[in-house]
Amino acid sequence: MSTNRGLSILALAVCLSPLLVTGQPAPQGELMARFRAMSERAEKAGLAEPFRGVTRAGTPEPDLFAIRSTGISTAPVRQAADAFLASLTPAQRSQASFGVDDDEWRKWMNQHFYVRQGVSFLEMNEPQRDAALGLLRASLSAKGLKLSRDIMHLNHSLGELNGNDFEQYGEWLYWITVMGQPSASEPWGWQLDGHHLIVNYFVLGDQVVATPLFVGSEPVIAETGKYQGTVILQDEQNRGLALLQALDDAQRQKAILRVSKTGNDNLGEAFKDNLVLDYAGVRASELTAAQREQLLGLVGLYVGNIDDGHARVKLEEVRRHLDDTWFAWIGGSGPDSVYYYRVHSPVILIEFDHQRPANLRHLAADPNAPGRQHIHAVVRTPNGNDYGKDLLRQHYLSHPH
């Protein structure tokens with residue numbers, strides 16, 4: 001089995017009908033136990049190697065990231081984190097707190113059955129929830145906050161569509177952890193972890209690294225229920241297709257890796273911190289000026305989920321490496337096609353994928369075919385700086401702990 005296929009075993013488990021080897025439906029408790037055992041094995045395998053980061057050939061490129069001043073204050077994030085921690089009981093605070101270099105950073109997974117650490121919104125009282133949402137509000141842009149809340153709302157919609165199963169799916173089944181002590185000078189950060197929504201937010205001085213970021217949903221559009229009308233990731237979907245359609249024939253021939261899309265194609269999801277992935281597709285140096293700006297606009301949709309100031313800093317970093325940025329495509333190019341695309345450079349990896357039905361197979365016209373009602377999108381910082389790891393390494397070199 002290819003190591004570049006993400007959590008293929010887990011994806012298969014979620015997509016298959018819940019049958020025992022006898023062909024009889026398995027009890028829900030037994031299924032959850034099986035899935036959780038599989039996730040534990042995936043976690044163990046994923047964390048078996050020391051962190052290196054996403055690379056082209058197994059070794060991070062040096063000197064891509066530096067400790068420097070951005071001029072964008074992180075004080076609002078620090079104050080919001082302090083307020084959140086102060087709102088918790090001593091037991092909850094202990095439950096939510098980890099060291100800044102703890103492997104807890106790397107223990108995230110999209111699947112709803114993963115056993116998570118930290119404090120969940122479900123166990124918080126209203127003032128605590130307000131403080132937790134205040135941390136998101138201080139760290140994310142208005143767009144990023146709306147997307148996060150809409151994903152949480154759609155997780156409630158998923159529960160409705162599964163017979164009001166709010167033990168597995170629900171708006172408040174999301175956990176927050178804080179890594180390190182919020183500080184103006186020392187490294188620290190926080191993580192939000194739950195079904196279809198993972199935010200990692202590392203802070204050092206006035207620098208921020210907000211990857212890995214995982215966003216998605218099933219359904220993507222709530223057609224009924226409490227949150228009817230909620231819609232996510234349509235700009236990311238449509239503007240990716242628009243970029244492909246803006247390419248000329250020669251460029252498109254390079255960009256399209258294959259036109260057949262029958263499965264899930266994301267590579268950089270959970271426990272793929274050390275993914276080895278070479279560049280593929282069409283290189284931005286071969287694009288026209290207008291196409292390059294269109295590519296940057298697509299990147300901006302993803303980077304723009306963090307607060308506006310640090311989003312500008314990150315987008316400028318991407319722009320500096322634009323000549324070494326690649327755009328790749330799998331799938332069709334029609335208005336109703338399903339597809340996967342990625343943007344890949346030394347400093348960013350973005351993946352967008354129309355996925356097979358997982359938890360709504362019973363409503364799908366074809367339960368084995370990717371569809372537009374199930375989307376995964378991932379953003380990573382290659383070459384060792386996911387979770388701010390390279391900045392943390394440099395900090396430790398100059399400030400031994």
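User: Why does R129 count as buried?

Analyst: In this predicted model, R129 has a relative accessibility of 12%, and because buried means under 20% relative accessible area, R129 falls into the buried class.

User: What makes the contact between E126 and R129 a salt bridge?

Analyst: The closest N and O atoms of E126 and R129 are 3.4 Å apart, and since a salt bridge asks for a side-chain nitrogen of Lys or Arg within 4 Å of a carboxyl oxygen of Asp or Glu, the pair meets that cut-off. Both residues belong to helix α5 (residues 126–139), where a spacing of 3 residues is about one turn of the helix.

User: How do you know that R292 and D323 tie together parts that are apart in sequence?

Analyst: R292 forms a salt bridge with D323, with the closest N and O atoms 2.9 Å apart. R292 sits in helix α9 (residues 289–303), whereas D323 sits in the loop between α10 (308–320) and β10 (326–331), so the pair ties together parts that are 31 residues apart in sequence.

User: Are R393 and D390, which form a salt bridge, buried or partly exposed?

Analyst: R393, at 43% relative accessible area, is partly exposed, whereas D390, at 13%, is buried, because that value is under 20%. The closest N and O atoms of this pair are 2.8 Å apart, and the two residues are separated by about one helical turn in helix α11 (residues 389–398).

Note on methods:
Residues are numbered from 1 along each chain as its sequence is written. This is a predicted model: local features need pLDDT of at least 70, side-chain atom pairs count only at pLDDT 80 or more; totals for chains, interfaces and linings use all residues. Side-chain values use heavy atoms; hydrogens and water are left out. Helices (H or I, at least four residues) and strands (E, at least two) are DSSP runs, numbered from the N terminus. Buried means under 20% relative accessible area, exposed over 50%, partly exposed in between (1.4 Å probe, protein chains only).
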